[in-house]
Amino acid sequence: MTLNPLDVPDVTEPYQPLPGRKRHTGFLTEPLRWGLSPSATVGPYLAIGLSWPDGIWAADEGTEGGIWIRGRLFDGADQLVPDAMIESWQADPNGGFPSPEDPRGAASYPGFRGFARAQTVEPPGEFGIFTLKPGRVPDGEGGLQAPHIDVSVFARGLLDRVVTRIYFADEAEANAEDVVLRGLSEEQRRTLVAEKTDDGYRLDIHLQGDQETVFFDL
């Protein structure tokens, strides 16, 4: 069944529901456990959160319509970063999120969880996740955002994650309508748009330098 992503009451701002319960509420919903926190100290790596054997599978292996999102991570000296972590979070192909924070209610899509985590250890500096192409979600202005994936980067030298997006080159019409992309220069937009490959899409991420990726102030 195809859902209407605008079928939600009183959406007044863009939203990307978090994967799970709300953070920083001050309430414990389970026994307190001390452990590593990427936001407390990002690097040096590599142990934080990567002991997750199926982390790269935002969609189950073999899911119909599945695609690979691949890329490389570069530092300000244009050198590959071999000890970083990439997290992704996105809507399903119908534009729904598997999260109770979605005002339309948590969506459920067969073989899809919406969240992935990959490392850049092997091959050095490279990452890849298997997922489904996301649908469009409300932009808070009565329209729709272009299909995109939210990406967080954790790496040495960063006190906290940096956040960017991956858009898709073959969604030209939707990209032209997207409220975020419209606010960027053509050169900036290119840093967010993944090119089509044989089995998915590819986009490199540059933390600094002449080709620096656009990051978002959250």
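## Strand pairing around E1

Two strands pair if DSSP finds at least two bridges between them. Strands (E, at least two residues) and helices (H or I, at least four) are DSSP runs, numbered from the N terminus. With that in hand, let's start at E1. Phe 74 stands opposite His 206 in E9, and E1 pairs with strand E9 (residues 205–206) in the parallel sense over two bridges. E1 also runs parallel to strand E8 (residues 200–202), joined by three bridges; here Trp 68 faces Gly 200 as its opposite residue.

E4 runs antiparallel to E1, and seven bridges join them. Arg 72 stands opposite Glu 126 in E4.

## About the model

This is a predicted model, in which local features need pLDDT of at least 70 and side-chain atom pairs count only at pLDDT 80 or more, while totals for chains, interfaces and linings use all residues. Residues are numbered from 1 along each chain as its sequence is written, and side-chain values use heavy atoms, with hydrogens and water left out.

## The nonpolar cores

A nonpolar core is a set of buried Ala, Val, Leu, Ile, Met, Phe, Trp, Tyr and Cys residues joined through side-chain atoms within 4.5 Å. Buried means under 20% relative accessible area, exposed over 50%, and partly exposed in between (1.4 Å probe, protein chains only). The largest core has 24 residues, and Ile 69, Leu 73, Val 151, Val 153, Ile 166 and Leu 207 have the most contacts inside it. At least two of its residues come from each of the strands E1 (66–74), E3 (115–119), E4 (126–132), E5 (149–154) and E6 (162–168).

What does Val 153 touch, leaving aside neighbours within four places in sequence? Its contacts (heavy atoms within 4.5 Å) include Leu 73, Met 85, Ile 86 and Leu 207. A second, separate core of eight residues includes Tyr 167, Leu 181, Leu 184 and Val 193.

## Aromatic rings and charges

Rings of Phe, Tyr and Trp (its six-membered ring) pair if their centres lie within 6.5 Å; planes under 30 degrees apart count as stacked, over 60 as edge-to-face and the rest as tilted. The count comes to six aromatic pairs. Tyr 109 and Phe 112 are edge-to-face, because their ring centres are 6.5 Å apart and their planes at 85°. Tyr 109 is partly exposed at 28% relative accessibility, whereas Phe 112 is buried at 11%. Ring pairs also link Trp 57, Trp 68 and Phe 130 into a cluster.

A charge sits over a ring if NZ of Lys or CZ of Arg is within 6 Å of the ring centre and within 35 degrees of the ring normal. Lys 133 lies over the face of Phe 168, at 5.2 Å from the ring centre, and Arg 165 lies over that of Phe 216, at 5.8 Å.
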